[in-house]
Amino acid sequence: MGNVFGIDLGTTYSCIAYIDANGMPVVLKNAEGDLTTPSVVFFESQSEVTVGAAAKESAKMYPDQVVTFIKRSIGQPGFCLNLNGINMKPEEISSYILKKVVQDAEETMRMEGKLGDEEHIRNVVITCPAYFGVAEREATKTAGIITGLNVMAIINEPTAAAITYGVTDDSREKTVLVYDLGGGTFDITMIHIKPGEIRVICTGGDHNLGGKDWDDRVLLYLAQQYQQETGTQDDILEDAETLQELSLAAERAKKLLSTKEKAPVVINYMGERVRVDLTRQTFDQLTEDLLSRTIELTREMFGEAEKKGYRLEDVSDVLLVGGSSKMPQVMNRVKAEFGIETRMFDPDESVAKGAAIYANKMSEYNIVLEEIAKNQGKTLEEVREQVDSGQMDVQQEAKKANVPMPGGRLPGEEMKIINVTSRSFGTEAYDQNDEKKLFNIIRKNAELPAEGTNSFYPREDNQRSVRFRVKESLASEDIVDTELGKEIGTAALELPSGVTRDTEIVVTFRLDESGLLHLHAKEMQGGREVDAEFQTTEALSEAEMSDAIRRNSDSSVS
C-alpha cells in the first residue's frame with residue numbers, strides 16, 4: 001500500500017502526519033514552514049484558490065470569496081455556498097484544504113528525500129469530531145475522495161489523541177478523559193486504555209463551541225472599548241478592513257494571554273487610534289460562560305458513563321488536546337471542578353499523529369489480507385467479507401499463507417480500538433396514544449458494532465405497507481419527540497393482504513464501525529422482509545461529484 005498518513009482536518013487548523021523510519025509519528029511542515037495550516041479557503045477565481053494563512057488574512061475583506069469554519073457545516077442538509085458563480089457543498093470546499101495540506105506535505109518529504117518525484121500521498125486516515133453523525137462522516141470521506149485520496153478510515157479525534165497517548169505513555173491500564181477544545185468544536189470523551197486495547201466508553205460535545213467563540217467575545221469587547229474611549233457610537237466592525245484587523249488581533253491577544261497577564265491591542269479607525277490593554281482577568285470574565293458550557297457537557301458525559309459502570313473516581317488523567325485548551329483558564333477550571341490530574345497533551349499534533357499510527361496499523365493488516373487473498377485465489381474484497389462476517393480466522397489463514405508476523409501476532413493486534421456511536425438511531429412510529437414519536441433502536445454511546453431490535457404493529461387492519469422513516473438524534477432515551485431527530489433515509493415494507501393491527505413487525509438496526517446503518521424488517525404473518533442501508537441522504541450526486549473532482553484537479557492551490 002506504500003506510505004500512509006493521518007490527517008487532522010480541523011475546523012480552524014489542519015495538519016498531516018506519518019510514521020518515520022524510527023516508527024515514530026511525525027507532523028509534516030507546510031510550505032510556510034508551519035506544522036498546522038489554517039482551514040481557510042480563498043476562492044480568488046474559478047481556477048485560483050489560496051488556502052491557509054494568506055487566505056485567513058483576507059477573510060473579512062472578501063467575505064463572499066473566503067470560507068472559514070466550513071467543518072461546522074459539513075454534512076448539513078441543504079448547505080451550499082455560491083463562490084464565483086459556482087455552487088459548492090462543504091465536501092468540495094474541504095477538499096481544497098486537504099489538497100493544500102497533502103501538496104505541501106509531498107513537497108516537504110521530497111525536500112527531505114523521503115518521497116520520489118513521481119510518488120504521491122494517496123492512502124490516508126482522516127479524523128472527525130466524535131459526535132459526527134452518519135452524514136458528517138460520509139461527507140468528510142467524500143472530501144478526501146474529491147482530492148484524489150484513498151480514505152482508509154474516518155476515526156474520531158479523541159480516539160486518535162488516545163492512540164497517541166496509549167503508544168507514547170507507559171503500558172498501565174487506566175481510564176482517561178480526553179477534553180478536546182478546538183478552534184470550532186468541543187469533544188469530551190472517556191476512554192479506557194490497556195495494553196493492546198483502546199475502548200471508548202462514551203462521548204459528548206458541541207460542534208458549535210470552540211476557540212472562535214472566545215475570539216468573538218474579545219472582538220466585541222475591543223469594539224466596545226473603542227466606543228467608550230472615543231465617545232462615538234460608530235460600529236467599527238461594520239468596516240471590512242477594521243473587522244479583518246481586529247479579528248486577527250483578537251486571536252493574537254487570546255494566544256498571548258496564555259503566557260502573559262496582559263495583551264495590548266491597538267485599534268485604528270477613521271484617523272482615531274486607541275490602545276486597549278486586555279488583561280487575563282478580563283478575558284476570563286468575558287468568556288466564563290463558554291468555559292462553563294464545556295464543564296456542563298463534561299458532567300453530562302459523566303452521567304452517561306455511570307450508566308456503563310464508570311465513575312469520576314475511575315478517571316486517572318484528563319488529557320487536554322486541541323489548540324484552544326492551551327488557555328490557562330481551561331486547565332485551572334477542569335482541575336478545580338473534577339480534582340483529577342490534568343495535563344496538556346500535544347494539543348496541536350496528537351490527533352494527526354494518532355491518525356497516522358492507526359493508518360500504519362491498517363496498512364500492515366491490509367498486507368496480511370492481500371497475502372491471504374493471493375494464497376486462496378480470491379479478491380481482497382471477498383476475503384474482507386469473510387473476515388467481517390466471522391467466516392474466516394485471519395490468524396489461521398495468515399499462517400497458511402506464510403505471512404511473517406513478528407511475535408506471532410497479526411499486525412495491529414497490539415492496538416484494538418473499540419468505539420461507540422455518538423448518536424441514537426431509530427424510526428418514527430405511533431405510540432399507544434396514537435402520537436407520532438421517534439423510537440430509538442440503537443441508543444447513543446452503544447459499543448460498535450451495535451445492534452438493536454424492536455417490534456411495531458400496523459395502525460389499521462388490512463394495511464398494505466409500512467414506511468420506516470429512519471432518523472438519528474442526540475437523545476439517549478428510548479422514545480423521544482420526532483423533532484429531535486434528523487432523517488437519514490426511508491424504507492418501505494409491503495404487507496400481505498389480511499394483516500391485522502396485532503401483526504408483529506420486527507425491526508432490527510445494525511450499525512457497523514464505518515458508520516453504515518443496516519435495517520432489516522420482517523412482518524411475522526406472511527414472512528415478508530425488507531433490507532436497507534443508510535449512509536447519508538445528502539451525498540453528492542454522480543454529476544456533482546464529477547464536477548467537484550474536475551474543479552479540484554484543475555485548480556491551482558497555494
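**The second largest pocket**

Tutor: The lining of the second largest pocket receives at least two residues from each of β2 (13-19), β12 (174-181), α5 (211-230) and α6 (240-256). Helices (H or I, at least four residues) and strands (E, at least two) are DSSP runs, numbered from the N terminus. This is a predicted model, in which local features need pLDDT of at least 70, side-chain atom pairs count only at pLDDT 80 or more, and totals for chains, interfaces and linings use all residues. Residues are numbered from 1 along each chain as its sequence is written, and side-chain values use heavy atoms, with hydrogens and water left out.

Student: Which element gives the most to the lining of the second largest pocket?

Tutor: Helix α6 does, with seven residues. On a 1 Å grid over the protein atoms alone, a pocket is an open set of points where a 1.4 Å probe fits, with protein on both sides within 12 Å along at least five of seven lines; lining residues have an atom within 4 Å of a point. Here 46 residues line the pocket, and Thr12, Tyr13, Lys56, Gly183 and Glu251 lie nearest its centre.

Student: How is the sheet read, and in what order do its strands stand?

Tutor: Two strands pair if DSSP finds at least two bridges between them. In this model four strands form an open sheet of mixed pairing, in the order β7-β5-β6-β29. The edge strands, β7 (66-67) and β29 (556-557), each pair on one side only. Strands β5 (residues 41-43) and β6 (residues 48-51) pair in the antiparallel sense over three bridges, and Val41 stands opposite Val51 in β6.
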